[in-house]
Amino acid sequence: MPKGKGAKGTKVTLKIAKKAIRMTPDGRRRLTLSNMGITIFPKCLLKLTNVDELDLSRNLIQKLPDNIGNFSSLRWLDLHSNKLESVPESISNLVGLTHLNLSNNRLTSAGLPSTLGFLTSLKSLNLGMNQLDTLPTTMAALGNLQELGLFDNLFINLPEFLSALRNLTKVNMKRNPLSYAQGDAEGMLKEKSEPEGDVYLVHESSLCRTCLKRCKEQGERILGSVTKETYFSTELTSNTHIVANKVKLKKGNTTLNLCHLLFCF
């Protein structure tokens with residue numbers, strides 16, 4: 001267990017970090033330091049030049065080091081559910097990064113550097129649950145981007161460059177104050193609608209009373225009744241409060257998708 005947990009949060013040493021590295025099924029080295037009460041980004045991690053994936057989610061980190069770009073081996077970086085207000089420009093040096101999760105932080109549009117546009121290997125970028133109303137126009141260069149999460153932000157207009165990202169297949173813009181008076185914005189959203197994802201069985205006992213009630217009420221309004229088999233997709237779940245963003249209810253041979261979020265408080 002990490003030592004030094006107190007008013008300043010958990011202190012992660014190089015020795016602790018090395019012991020926490022695990023091999024993924026596809027042969028990558030993943031370092032998971034999630035939900036450990038870390039308040040300051042452990043700079044010792046920058047010495048681990050062989051780490052491919054880093055998970056620092058669900059901590060209390062307020063700032064990333066200016067030399068985060070030195071972590072050049074990274075392909076996958078998860079920083080969701082921290083307290084980040086900005087991203088350093090040097091993140092552009094992580095040219096091999098394919099997945100970046102910055103959701104559920106305190107990011108503002110001023111805190112997103114234009115250098116994000118240099119991460120041309122990105123396939124998945126999650127910026128949901130922040131305080132964003134615009135994106136750097138340089139992100140138009142992210143030609144390999146396939147999934148973009150912008151849900152629960154402050155967008156009034158869709159970023160114009162989205163239509164130019166030819167490989168972009170999934171955009172989540174839910175719960176933004178979007179104005180659909182802007183020409184083809186609504187059609188653009190439909191074009192980027194989410195395809196069906198993997199489905200996992202979740203027993204109703206795993207849900208809180210409120211979520212189970214909401215699920216049953218939705219099904220009863222449309223199907224008349226709900227069986228005890230309730231299925232949840234896990235696409236774009238960004239923090240521990242979200243149970244699912246797509247519910248699939250089954251009654252006999254009839255299947256229904258209910259696209260909404262359930263929250264467990």
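Analyst: Start with pLDDT, the predictor's confidence in each residue, from 0 to 100. This is a predicted model. Over residues 181-202, pLDDT stays under 50. The model has 50 contacts beyond four places in sequence for residues 181-202.

User: What is the pLDDT over residues 1-7, and how many contacts beyond four places in sequence does the model have for them?

Analyst: Residues 1-7 also have pLDDT under 50. The model has 12 contacts beyond four places in sequence for residues 1-7. Where pLDDT is low, the predicted coordinates should not be read in detail.

User: What is the mean pLDDT of the protein chain?

Analyst: The mean is 77. Of the residues in the protein chain, 66% reach 70 or more.

User: What does the secondary structure of the protein chain come to?

Analyst: Three helices and 16 strands. Eight strands form an open sheet. Their order is β3-β4-β5-β6-β7-β8-β9-β10, and the pairing is mixed.

User: What makes β3 and β10 edge strands?

Analyst: Each pairs on one side only. β3 spans 21-23, and β10 spans 170-172. The twist averages 10 degrees from one strand to the next.

User: How do you know that β3 and β4 pair?

Analyst: Two strands pair if there are at least two bridges between them. Three bridges join β3 to β4, residues 29-32. The cut-off is at least two, so β3 and β4 pair. The two strands run antiparallel. I21 stands opposite L31 in β4.

User: Why is S90 called buried?

Analyst: Buried means under 20% relative accessible area. S90 has 16% relative accessibility, so S90 counts as buried. Across the protein chain, 49% of the 265 residues count as buried.

User: Where is S90, and which residues is it in contact with?

Analyst: S90 is in the loop between β6 (76-78) and β7 (99-101). Leaving aside neighbours within four places in sequence, S90 is in contact with P65, D66, N67, I68 and G69.

User: What makes the reach from S90 to D66 a polar contact?

Analyst: A polar contact needs a pair of N or O atoms within 3.5 Å. One must be able to donate a hydrogen and the other to accept it. The side chain of S90 reaches the backbone oxygen of D66 at 2.3 Å. The side chain of S90 also reaches the backbone nitrogen of G69, at 3.5 Å.

User: Why is N167 called partly exposed?

Analyst: Partly exposed lies between the buried cut-off of 20% and the exposed cut-off of 50%. N167 has 34% relative accessibility, so N167 counts as partly exposed. N167 is in the loop between β9 (147-149) and β10. Not counting residues up to four places away in sequence, N167 touches G143, N144, L145 and Q146. N167 and L145 are 22 residues apart in sequence and 6.0 Å apart in space, C-alpha to C-alpha.

User: Why does D152 count as partly exposed?

Analyst: D152 is at 24% relative accessibility, so D152 counts as partly exposed. D152 is in the loop between β9 and β10. The phi of D152 is near 55 degrees, a positive value in a residue other than glycine.

User: What makes R175 partly exposed?

Analyst: The relative accessible area of R175 is 37%, so R175 is partly exposed. R175 is in the loop between β10 and α2 (185-191). The phi of R175 is near 55 degrees, a positive value in a residue other than glycine.

Definitions and conventions: Residues numbered from 1 in each chain as written. Predicted model: local features only at pLDDT ≥ 70, side-chain atom pairs only at ≥ 80, totals over all residues. Heavy atoms only, no water. Helix = DSSP H or I, 4+ residues; strand = E, 2+ residues; numbered from the N terminus. Axes fitted to C-alpha atoms, helices over the stretch in contact; angles between N-to-C directions. Buried < 20%, exposed > 50% of the residue type's maximum accessible area, 1.4 Å probe, protein only. Contact = heavy atoms within 4.5 Å.
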